[in-house]
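User: Hello! I am new to this structure and would like to learn how to read it. Could you walk me through some features?

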Amino acid sequence: SYPSCSQADAREQLGYDRNADAEARRAFDLSSHLSRADRLLIEARFQEASRDWGDAIRTYNTLFSFFPDDLDFGLSLANAQVVGGKWRDALQTIAALRRLPAPLKDDPRIDWQEARAARSLGDTSRAVTCAARAAEKARAAGASSFEARALLEEAKSLEPLQNATRVASLGQTAQQLFTAAQDQQGLAAANNYLATLAQGQGDDQSGRKGYEDALVIDQRIEYQPGIAAINNNLGGIELGLGNPARAIQRYQEAIT
């Protein structure tokens with residue numbers, strides 16, 4: 001697989017969001033005696049855990065400028081830029097990573113970040129190509145959880161009405177891979193995606209069931225962004241089913 005460099009990262013990848021935040025905070029509090037590079041890395045992880053993407057981008061940019069040959073620093077910068085809405089900046093970072101020597105430049109995580117940035121910019125063709133390439137590389141490396149993330153990204157980049165069979169297959173395969181890898185956050189994301197497909201096809205009951213399954217997982221791992229997003233989706237379901245009082249309750253829970 002593609003291991004992370006901290007306990008907080010590992011927990012976040014498995015979906016334990018609240019624990020990851022606590023680990024990042026504790027590391028930040030204990031970092032005063034470390035080298036500048038290590039302090040900056042821990043500061044960036046803490047900013048990520050706090051979802052302070054502007055500061056995280058600035059800190060990772062400093063690290064990557066100090067260590068332009070460090071793949072992980074570059075990937076972390078690209079990730080912060082994607083999540084922080086700086087998609088064109090992320091593509092510039094990705095271009096720099098593609099200039100690294102092999103095998104660094106062939107890392108599937110570069111393809112995955114490029115797919116995410118391209119999809120956010122509306123370049124769906126580029127996003128599909130990059131996501132499929134990331135999945136293929138991950139499959140060859142036996143990195144099943146990352147393969148699932150790449151497949152889910154590919155599905156999100158396709159037009160669902162024109163590719164209904166393909167996107168459903170990608171989502172279901174991702175769901176199976178996340179389950180086998182015990183990747184809780186990924187499994188919730190796959191359930192949420194498949195529920196969105198069902199809702200889009202007019203099957204509100206299946207959509208509600210899928211969202212509720214995803215919500216149970218995100219509540220168990222205390223993944224607050226997932227809880228908010230799924231409650232918002234459930235609000236839409238209830239509104240569509242003619243239950244405005246239940247919709248209001250779901251929207252209020254999402255806001256909370």
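Predicted model: local features only at pLDDT ≥ 70, side-chain atom pairs only at ≥ 80, totals over all residues.

User: How many helices and strands does the protein have?

Analyst: Helices (H or I, at least four residues) and strands (E, at least two) are DSSP runs, numbered from the N terminus. Here there are 14 helices and zero strands.

User: What share of the residues counts as buried?

Analyst: Buried means under 20% relative accessible area, exposed over 50%, and partly exposed in between (1.4 Å probe, protein chains only). Of the 256 residues in this protein, 45% are buried.

User: Which residues of H6 are buried?

Analyst: In H6, the buried residues are Ala90, Leu91, Thr93, Ile94 and Leu97. Seen down the axis of H6, they fall within an arc of 160 degrees (taken from the directions from the helix axis to the C-beta atoms), so they line one face of the helix. Arg88 and Gln92, on the other side of H6, are exposed.

User: What do the buried residues of H6 pack against?

Analyst: Contact means heavy atoms within 4.5 Å. The buried residues of H6 pack against helix H4 (53–66), H5, helix H7 (108–120) and helix H8 (124–141).

User: How many aromatic pairs are there?

Analyst: A pair of aromatic rings is described by the distance of the centres and the angle of the planes. Rings of Phe, Tyr and Trp (its six-membered ring) pair if their centres lie within 6.5 Å; planes under 30 degrees apart count as stacked, over 60 as edge-to-face and the rest as tilted. The structure holds two such pairs. For Trp112 and Phe146, the ring centres are 5.7 Å apart and the planes stand at 70 degrees, so the pair is edge-to-face. This pair links distant parts of the chain, with Trp112 in helix H7 and Phe146 in helix H9 (residues 144–157), 34 residues apart. Trp112 counts as buried at 16% relative accessibility, and Phe146 counts as buried at 10%.

User: Is Asn79 buried or exposed?

Analyst: Asn79, found in helix H5 (residues 71–83), counts as buried because its relative accessibility is 19%. A polar contact is a pair of N or O atoms within 3.5 Å; within protein, one must be able to donate a hydrogen and the other to accept it, and residues adjacent in sequence count only if both atoms are side-chain atoms. The side chain of Asn79 makes such a contact with the side chain of Arg116 (2.8 Å).

User: Where is the cis peptide bond?

Analyst: The bond from Ala102 to Pro103 is cis, with omega near 5 degrees. Pro103 lies in the loop between H6 and H7.

Conventions:
Residues numbered from 1 in each chain as written. Heavy atoms only, no water.
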